[in-house]
Amino acid sequence: MNKFLRIFSVLIVFVVFFFSHGESSSFNEHFDILWGNDHIKLPDNGETAHLSLDQASGSGFSSRHQYLFGRFNMKIKLIAGHSAGIVTAYYMSSDTSSHDELDFEFLGNLPGKGYHVQTNVFASGVGNREQRIRLWFDPSADFHNYSIIWNQKQIIFSVDSIPIRVFNNNEAIGVPYPKSQPMKVISSLWNGENWATNGGKDKIKWSKAPFIASFQAFEADGCVASASTSSSPCAGNGLDQSSSDGLNRDQLKKLRRIKRKYMFYDYCTDKSRRFSSPPPECALNP
């Protein structure tokens with residue numbers, strides 16, 4: 001009996017691994033190319049997508065489904081060497097004029113200077129909520145996992161399961177919050193040399209092109225929604241709730257450490273250039 005149970009357990013583990021792995025790995029299963037068809041390569045039977053940028057074009061892809069709430073993971077390996085002026089984007093966005101958007105934007109840099117990651121939140125077409133941190137590792141040496149958790153209560157941006165930003169729902173004090181517009185998952189590689197590195201002073205070194213960023217292991221645990229979906233059928237399915245996705249004490253400690261050691265720009269403290277007084281959510285967000 002024990003031998004049978006051991007064999008059965010091994011089979012169950014294999015089946016779970018096979019199907020969970022297969023559901024998250026195929027590019028063609030989840031995405032369509034947005035632009036730069038000849039600048040996207042799909043090796044490993046489509047398990048990896050290489051996006052490239054040169055003077056002719058950048059490239060980008062978008063999820064076939066749009067989602068309303070959930071957890072979304074992508075493993076990304078960024079451009080090695082001279083990446084100044086280049087933006088590698090991984091974000092969610094609604095296809096509307098007053099759009100909602102949740103951004104990871106990886107800002108390239110000069111060799112040896114390290115990558116910066118900018119996060120931003122748009123609600124009803126209004127953004128201006130940027131935060132920037134210095135990554136504490138070399139994101140071009142290997143793949144790292146970047147996650148967005150989005151529910152009715154909060155949005156959590158994480159790197160390798162370490163939270164780097166939380167944006168809470170503060171509609172009670174008049175702050176717009178993305179909760180009714182379904183969003184697609186989008187990744188792109190593009191020319192941002194007018195602003196991305198050192199305020200636009202460090203430009204793209206085109207002699208180093210093509211520049212390549214790689215994506216793999218996309219996972220979406222979210223409610224697939226139609227463009228007309230507002231709250232149903234996604235509301236009440238558990239994905240819109242925060243009971244299992246809030247930060248525990250250890251995660252809060254890590255978040256505070258990231259902000260203390262690695263954050264170098266926060267819109268909440270940018271009084272001189274952008275705000276005469278901080279936006280109202282700044283006093284309430286962690």
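Reader: Which side chain meets E281 in a salt bridge?

Author: This model is predicted; local features need pLDDT of at least 70, side-chain atom pairs count only at pLDDT 80 or more, and totals for chains, interfaces and linings use all residues. Residues are numbered from 1 along each chain as its sequence is written, and side-chain values use heavy atoms, without hydrogens and water. A salt bridge is a side-chain nitrogen of Lys or Arg within 4 Å of a carboxyl oxygen of Asp or Glu. At 3.3 Å, N to O, the partner of E281 is R129.

Reader: How many residues apart in sequence are the parts that E281 and R129 tie together?

Author: E281 lies in the segment after β14 (263-266). R129 sits in the loop between β7 (116-122) and β8 (131-134). Strands are DSSP runs (E, at least two residues), and helices are runs of H or I, at least four, numbered from the N terminus. So the pair ties together parts that are apart by 152 residues.

Reader: Is E281 buried or exposed?

Author: Buried means under 20% relative accessible area, exposed over 50%, partly exposed in between (1.4 Å probe, protein chains only). E281 has 3% relative accessibility. Therefore E281 counts as buried.

Reader: Which strand holds D32, the salt-bridge partner of R64?

Author: R64 and D32 meet at 2.9 Å, N to O. R64 is in strand β4 (residues 59-77).

Reader: What separates D250 and K254 in helix α4?

Author: Their side chains meet in a salt bridge at 3.4 Å, N to O. D250 and K254 are four residues apart in helix α4 (residues 249-261), so the separation is about one helical turn.
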